Structure formats: C-alpha cells, structure tokens
Amino acid sequence: MHDSDHSPWPEGYDCVVLDSVDSTMAEAARRASVIARPTWIMAKTQTAAHGRRGRKWIVPEGNLSATLIFRPEATAAEAAKRSFLAANALFQALSIYVAAEKLSLKWPNDVLLSGGKVAGILLESSGRGPFVDWLSIGIGVNLANVPQGVTEARFAPTSLAAAGGETVSPRDFLSTLADAYATQEAKLSRLGFDRIRDDWMANAARLGEVITARTGREDVTGIFDSIDKEGNLVLITGTGPRAIPAADVYF
C-alpha cells in the first residue's frame, strides 16, 4: 500500500499505482462506479495529462501525478471547496521536505515554491441530483524535475529539488499527502469550511496586495482582501468589493 518514512497510509483510503495511463483523472472517471472507498490513483507516467481549462500538464519522470476519487455528500458548490482542502494538504506535505516559508498558496488551486509553480490541483465531478455522484481531485507535483517546454505560464514552473528541497519519491510523497488530506477532511467535518478557509488564508500568496483576476470576460484588478464563505476571491476595487469565482490570477 505504501512505503513512506513520514506518514502512515490513512485509514479508510485505498491506493492504486499504475505504470502508465492516459491521465489519472480519466482513470478515476472510469473507476467511479466501482470504487468501494475513497481511492488515490497514482501513475508513474501519463500520456495525456491536462490542467485547468484543458491546458497540457507536462509530467517528467520522478514527479507526482495522482487523483483522489470519492463520493462526498456534497452539492457541486460544496464539492468545489475541496480545492482548498487539497491546497492545505499540499502545503503541509511539501513543508516536510522544504522550508514552509518558501511555500504559498495561489488562488484558486496552485502551490508556489519560491514564487514558481510547484503543484497544481484540478477538480472534476459528476452528478445530476442535488449531490455530486463522485468527485475527483487531480494533483500534480514537480518533485524531482522542472517541466520543460512550458511557455504560456505566468508562473514559471519549479520543482522541489530545484528549490533545494529534500529528495522524495512520488510514492513516498503520496503517502504524506494522503495522510494530510485525510486530516483536512476530518477538520472540515468537525470544524466546517471556515476553519479550512482560515488555514488557507494563513498561507495565501499576495494577501493584502494588488492582483489581477482574469475571468474570461474581463480583467479585474484590486486588493486581495479575502476568500468568502463560498470560496470566491474577494477583491477591493475602485467600485467596491468584488467576489470572483474561479479565474486566472496574476500578480
């Protein structure tokens, strides 16, 4: 199941490790109807990985590609908030291998290391009723290698190794991450989203500074004030506060 020196594999979660797959998100969708418990799917290589808005996600060997698929009792809006749980878990897991002060969380779903992108989060869900049938949380972490050929990114990719972090295998890192994510779910259950949001805000990049959010319809520039209870970005603009759902954020 796992071979981590740092974290026990969390109780109640399964793990599948594949040599190669098109993408762990696609594999999660294929397995959605048969999983018995929350399941992490990890692949050593991916042939068709993608990130937000369909962008190609390059995965050199030695980096982590994994997806958690499970059935939360949650509406689509509540399920979407899991990106904050995943970000908090990534921050905690990465901080075991590199100084925490080098890490920050970029809304809505990136982790920065010394200002470069070290990890990304992608959520997909399915369901026609009030609750989602299943939720997949895809996570890519640049552990050993910096992806080459990434030209359109506003935040140049970096890796744990390039930033002077400890060497860790993808399998060991997944154990650390899975344990941290299980802790976040327990916090959500006991303490609610407010606590998750507060933890995320404590490590937010550029809080209180001027940033720009590109929504696809417009660019909104303002002071990064907070994240609201729905997980929206709140900017203080010249015309007052603006709550913005998922967008691309530029500093």
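Predicted model: local features only at pLDDT ≥ 70, side-chain atom pairs only at ≥ 80, totals over all residues.
Let's start with the helices. Two packed helices are described by the angle between their axes and the distance between the axes.

| Helix pair | Crossing angle | Axis distance |
|---|---|---|
| Helix 3 and helix 5 | about 45° | 9 Å apart |
| Helix 4 and helix 5 | roughly 130° | within 7 Å |
| Helix 3 and helix 4 | roughly 135° | within 8 Å |

Take helix 3 with helix 4 to begin with. Their axes cross at roughly 135°, and that makes helix 3 oblique to helix 4. The crossing here is right-handed. On the helix 3 side, R82, L85, A86, N88, A89, L90, Q92, A93 and L94 take part in the contact. Across from them, helix 4 brings F173, T176, L177, A180, Y181, Q184, E185 and L188. Sorted by class, the residues of this contact come out as eleven nonpolar, four polar and two charged.

Next up is helix 3, residues 82–94, with helix 5, residues 193–202. Their axes pack at an angle of about 45°, and these two helices are therefore oblique to each other. This crossing is left-handed. Helix 3 uses F84, L85, A87 and N88 here, and they meet F193, I196, D199 and W200 of helix 5. That gives six nonpolar residues, one polar and one charged.

The remaining pair is helix 4, residues 170–191, with helix 5. Their axes cross at roughly 130°, which makes helix 4 oblique to helix 5. Q184, K187, L188 and L191 make the contact from helix 4, while F193, R195, I196 and D199 make it from helix 5. By class, you'll find four nonpolar, one polar and three charged residues in this contact.

Some residues turn up in two of these contacts. L85 and N88 of helix 3 are listed with helix 4 and also with helix 5. Likewise, Q184 and L188 of helix 4 meet helix 3 and take part in the contact with helix 5.

Rolling a probe the size of a water molecule over the atoms shows where empty space is left. The second largest pocket holds about 350 Å³ of space. Its lining counts 22 residues, and A80, K81, S83, L123 and A246 lie nearest the centre. Helix 2 (76–80), helix 3 and strand 6 (116–126) are the elements that give two or more residues to this lining. Which element gives the most? That's strand 6, with five residues. In terms of class, the lining divides into 13 nonpolar, five polar and four charged residues.

**Backbone details in the loops**

Most residues other than glycine have a negative phi, and most peptide bonds are trans. Two spots in this chain are worth a look with that in mind. W107 and P108 are joined by a cis peptide bond, with omega at about 0°. You'll find P108 in the loop between strand 4 (103–106) and strand 5 (110–113). S114, in turn, has a positive phi, near 50°, and sits in the loop between strand 5 and strand 6.

Finally, there's P157, in the loop between strand 7 (134–141) and helix 4. P157 and P147 are ten residues apart along the chain, and their C-alpha atoms are separated by 6.7 Å. Leaving out residues up to four places away in sequence, P157 touches K117, N142, V146, P147 and V150.

Technical notes:
Residues numbered from 1 in each chain as written. Heavy atoms only, no water. Axes fitted to C-alpha atoms, helices over the stretch in contact; angles between N-to-C directions. Helix = DSSP H or I, 4+ residues; strand = E, 2+ residues; numbered from the N terminus. Parallel < 35°, antiparallel > 145°, perpendicular 65-115°, else oblique. Left-handed = near helix turned anticlockwise from the far one by under 90°. Contact = heavy atoms within 4.5 Å. Nonpolar A, V, L, I, M, F, W, Y, C, P; charged D, E, K, R; others polar. 1 Å grid on protein atoms, 1.4 Å probe; cavity = no way out; pocket = protein on both sides within 12 Å on 5 of 7 lines; lining within 4 Å. Points joined across faces, edges and corners; volume = space filled by probe spheres on them.
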